[in-house]
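Trainee: Please take one part of this model and look at it closely. I would like a connected account.

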Amino acid sequence: MIIGVPKEIKVHEYRVGLTPAGVKEITGAGHTVLIQKDAASGIGISDEDYQKVGGKIVPTAEEIFKTADMIVKVKEPQASECKQLRPGQLLFTYLHLAPDPEQTKLLLESGCTAIAYETVTDRNGRLPLLAPMSEVAGRMSIQAGAVCLEKKNDGRGTLLSGVPGVLPGRVTVLGGGVVGYNAAKMAVGIGADVTIMDVSLHRLNELDMIFDSRVKTLVSNTQNIEECVCHSDLVIGAVLIPGANAPKLVKKGMLKHMLKGSVVVDVAIDQGGCFETSRPTTHSEPTFIIDDVVHYCVANMPGGVARTSTFALNNATIPYTLRLIREGWRQALKNDAGFANGLNIHEGKVTHPGVSESLGYPLHKLSSIL
């Protein structure tokens, strides 16, 4: 099999689909890996590093899309990339299709088979290929929020840790999953006043024990959200419904009651965002302001720490990539129902319930395809 790794072309995206360690595993099994020239130069991995482990460097993405049986990426394919995909070709990457009708349309038209990292589940229903980036984004959310709170960035001018004699900043985290836990961990670590909200009492109990009562926990409902958000310096949006649009927990009308210069960091923006006023931004222009509230909605947050993110992601994805290569995608998905949940599109058909419901496409059951 020929596996292709194109250079990412999204704005300020320096991650790469395979590290040299992953390429070594694949070439050692007798397969070919094509890597676009300078695909990982932004994170200090040279073309020579790939060549040493059997990778072949090609000059253009066009050659990779034309030749490869399987494309391994990080971010969702951009329009120019979607148009190069073809029937019979396998795409393995993050997709986040529910809030992205244009990408979905182009992938359906391409006839390719697309497996999304973010909807693969394990035997416990967790999201093993999303978790590494959720960990990174959760931790980054506090870092980014703290910078946005500085006055020069139109923030409130609050130091989250406070200082002796001055109260710390208030942080509200909406969602107690992987993103929310990691955000809270960072916020607690710097001494902020932290509240985590979740719909699951069981999860809130777990978080209370994990943090040894160093955070406040609240059931997520409209009243509690309104009260917390309106008194917070920093609000982290960390909710997720796998494969579907994120629920809009913070309505536009709430913003006028929030503190002037407060900050929202919408980590759920890849799935449409959980603030009604959110829209995707980039690392080049990460923020915008509505009703004196600073919005940070970068759609590829982990790309800001691309080297760490690449290695963290590959630790999780390489075993799945090897299974696709060894077994073929049909057999690999037949053998693992959780892996099968990653199939979003196949030969012009939508195969994931979340995508079908969000965008109105007919749902084609996996059983009819596998």
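Mentor: The axes of α6 and helix α11 (residues 306-327) come within 8 Å and cross at roughly 150 degrees. Axes here are lines fitted to C-alpha atoms, for helices over the stretch in contact, and angles run from 0 to 180 degrees between N-to-C directions. Angles over 145 degrees count as roughly antiparallel, so α6 and α11 are roughly antiparallel to each other. On the α6 side, Pro-132, Met-133 and Val-136 make the contact. Contact means heavy atoms within 4.5 Å. Helices (H or I, at least four residues) and strands (E, at least two) are DSSP runs, numbered from the N terminus.

The model is predicted: local features need pLDDT of at least 70, side-chain atom pairs count only at pLDDT 80 or more, and totals for chains, interfaces and linings use all residues. Residues are numbered from 1 along each chain as its sequence is written, and side-chain values use heavy atoms, with hydrogens and water left out.

Now follow the chain on from α6. The loop between α6 (131-148) and β7 (170-174) holds Leu-159. Is Leu-159 buried or exposed? Leu-159 is exposed, at a relative accessible area of 52%. The cut-offs are under 20% for buried, over 50% for exposed, and partly exposed in between (1.4 Å probe, protein chains only).

How values were computed: Angles under 35 degrees count as roughly parallel, over 145 as roughly antiparallel, 65 to 115 as roughly perpendicular and the rest as oblique.
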